[in-house]
Amino acid sequence: MRSQRLIAVVIAVAVAILGAWWVIKGRHHGGGDSIIVYYTKTDGRTEVPWRVTLGPARDPKSVAFYAAAQALAGPSSEIEAIRFPAGTHVRSVEIDGAVVDVDLSNEVSKSAEGGLAETAEFKSLVWTLTDPKTLPGYQRSRIRVDGTRVATLPGGHFELDEPLSRTTF
């Protein structure tokens, strides 16, 4: 009888430990059931955070992909913000050390030529991907367009050939 109780206690402790591990592992990105996404106001300088609900995937790559997609989509249409060109989407995301590598669709090349708009678009994306509560430990982002590293967008005002960080802006 005593050995049965001991086995029951060991099983209960194991289940509790496994449950705690699962909860901690599943929420390691730090944001719980939502993440912070940024958009840039039309002044081109002010970043505004807003929370979006996070789906079931909690691994860094999935969270980064979702966060990038939300940054590209921007806030609701009634909010004035600088936005990526219509149709721009995330093709893929890779994690390389402390860098989030984002491959954007070619529509991003249709950005309005000019330093303010180009800079503001990428500022929102980089701030989203480097938010320590959303993706702890990731401080920089690399950008590709249709799978290729590009020096600049067609407007030529914003350099994309080096990893970007919050201090870039």
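1. A salt bridge here means a side-chain nitrogen of Lys or Arg within 4 Å of a carboxyl oxygen of Asp or Glu. Arg-91 and Asp-146 meet that test through their side chains, at 3.3 Å from N to O. The pair links distant parts of the chain, 55 residues apart: Arg-91 is in strand 3, and Asp-146 is in the loop between strand 5 and strand 6. Helices (H or I, at least four residues) and strands (E, at least two) are DSSP runs, numbered from the N terminus.

2. The model is predicted: local features need pLDDT of at least 70, side-chain atom pairs count only at pLDDT 80 or more, and totals for chains, interfaces and linings use all residues. Residues are numbered from 1 along each chain as its sequence is written, and side-chain values use heavy atoms, with hydrogens and water left out.

3. Asp-103 lies in strand 4 and Arg-91 in strand 3, so the pair ties together parts 12 residues apart in sequence. Asp-103 is buried, at 2% relative accessible area; Arg-91 is partly exposed, at 43%. Buried means under 20% relative accessible area, exposed over 50%, partly exposed in between (1.4 Å probe, protein chains only).

4. Asp-131 and Arg-166 also form a salt bridge, with the closest N and O atoms 3.7 Å apart. Asp-131 is in the loop between helix 3 and strand 5, and Arg-166 is in the segment after strand 6, so the pair ties together parts 35 residues apart in sequence. Asp-131 counts as buried at 4% relative accessibility. Arg-166 is partly exposed at 26%. The structure holds 10 salt bridges.

5. An open sheet of 4 strands has the order 3-4-5-6, with mixed pairing. Strand 3 and strand 6 (164–165) are the edges; each has a single partner strand, so one side of each lacks a neighbour in the sheet. Strands pair if DSSP finds at least two bridges between them. Strand 4 and strand 5 run parallel, joined by 6 bridges.

6. Check Glu-121 in helix 3. Glu-121 is buried yet has no salt bridge. The nearest side chain of opposite charge, Arg-83, is 10 Å away. For this, Lys and Arg count as positive and Asp and Glu as negative; His and the chain ends are not counted. Glu-121 touches Ile-82, Arg-83, Phe-84, Pro-85 and Ser-111, not counting residues up to four places away in sequence. Contact means heavy atoms within 4.5 Å.
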